[in-house]
Amino acid sequence: MSLRNIILHPDPRLKKVCAPVLSVSAELGALAEDMLQTMYDAPGIGLAAPQVGVMQRLFVMDCVKETDATPRPMVLINPEVTWHSDETSTYEEGCLSIPDQFADVTRPRSVRMAWTGLDGKRHEEEFDGLWATCAQHEFDHLNGKLFIDYLGPIKRQLITRRMEKLKREKARG
Ligand code: K2U
Ligand code: ZN
């Protein structure tokens with residue numbers, strides 16, 4: 001297991017549509033483990049493969065927030081949205097690729113997803129609440145979409161300019 005570097009916006013890899021995973025291999029399992037550890041270390045409740053530079057359709061998430069509750073690490077390979085509610089909910093979202101920037105995003109309150117697990121079997125489940133928000137946020141990453149793409153152009157540009165400044169300062173060391 002090794003912690004992966006999380007790519008920061010703006011970066012062309014965060015805007016690309018990722019390729020389907022062709023086979024569930026031991027290497028993919030190792031990548032999923034690295035992604036889960038990187039997510040917990042950040043800390044975060046989700047992480048998509050393009051955020052660590054792997055342009056493939058998989059993400060991990062664990063939205064169990066209570067510290068005394070059993071974690072529920074999930075690995076979703078080639079996920080698809082099979083249903084979403086008409087009702088929406090609004091959540092102040094962040095992103096590990098856009099640190100310390102938050103904004104309200106409105107999404108369907110519930111979503112059903114189908115995916116292939118590390119067991120190679122197809123799974124399908126309905127997500128609600130924070131799990132639904134996170135799953136949709138991660139699914140967007142696989143299609144090169146960021147939560148700032150739901151904002152107006154002024155706010156999006158403001159956040160992008162802040163990230164460009166952060167990256168220049170990081171580059172100076
Ligand atoms: O994809 C990512 O960057 C991981 C996000 C997922 C996420 C963003 C907004 C709303 C739900 C999930 C990170 O986990 S951001 C950190 C975080 C932690 C707790 C609650 C919300 C966001
Ligand atoms: Zn994100």
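Which residues have the most contacts inside the largest nonpolar core? In this predicted model, they are Phe59, Met61, Met74, Leu76, Met113 and Phe127, within a core of 17 residues. A nonpolar core here is a set of buried Ala, Val, Leu, Ile, Met, Phe, Trp, Tyr and Cys residues joined through side-chain atoms within 4.5 Å. Buried means under 20% relative accessible area (1.4 Å probe, protein chains only). The elements giving two or more residues to this core are β2, β3, β6 (110-116) and α2. Helix α2 supplies the largest share, seven residues. Helices (H or I, at least four residues) and strands (E, at least two) are DSSP runs, numbered from the N terminus. Another core, of 16 residues, lies apart from it and includes Leu31, Val52, Val60 and Ile77.

The zinc ion (ligand 2) has three protein donors: Cys95 (SG), His137 (NE2) and His141 (NE2), at 2.0 to 2.3 Å. Donors are N, O and S atoms within 2.8 Å of the metal (3.2 Å for Na, K and Ca); water is not among the atoms, so sites may look incomplete. Their spacing along the chain is C-x41-H-x3-H. Cys95 sits in the loop between β4 (88-93) and β5 (103-108) and His141 in α2 (residues 129-142), so the pair ties together parts 46 residues apart in sequence. Cys95 is buried, at 9% relative accessible area. His141 is buried too, at 2%.

Residues are numbered from 1 along each chain as its sequence is written, with chains lettered from A and ligands numbered from 1 in the order written. The model is predicted: local features need pLDDT of at least 70, side-chain atom pairs count only at pLDDT 80 or more, and totals for chains, interfaces and linings use all residues, while side-chain values use heavy atoms, without hydrogens and water.

Conventions
Buried < 20%, exposed > 50% of the residue type's maximum accessible area, 1.4 Å probe, protein only.
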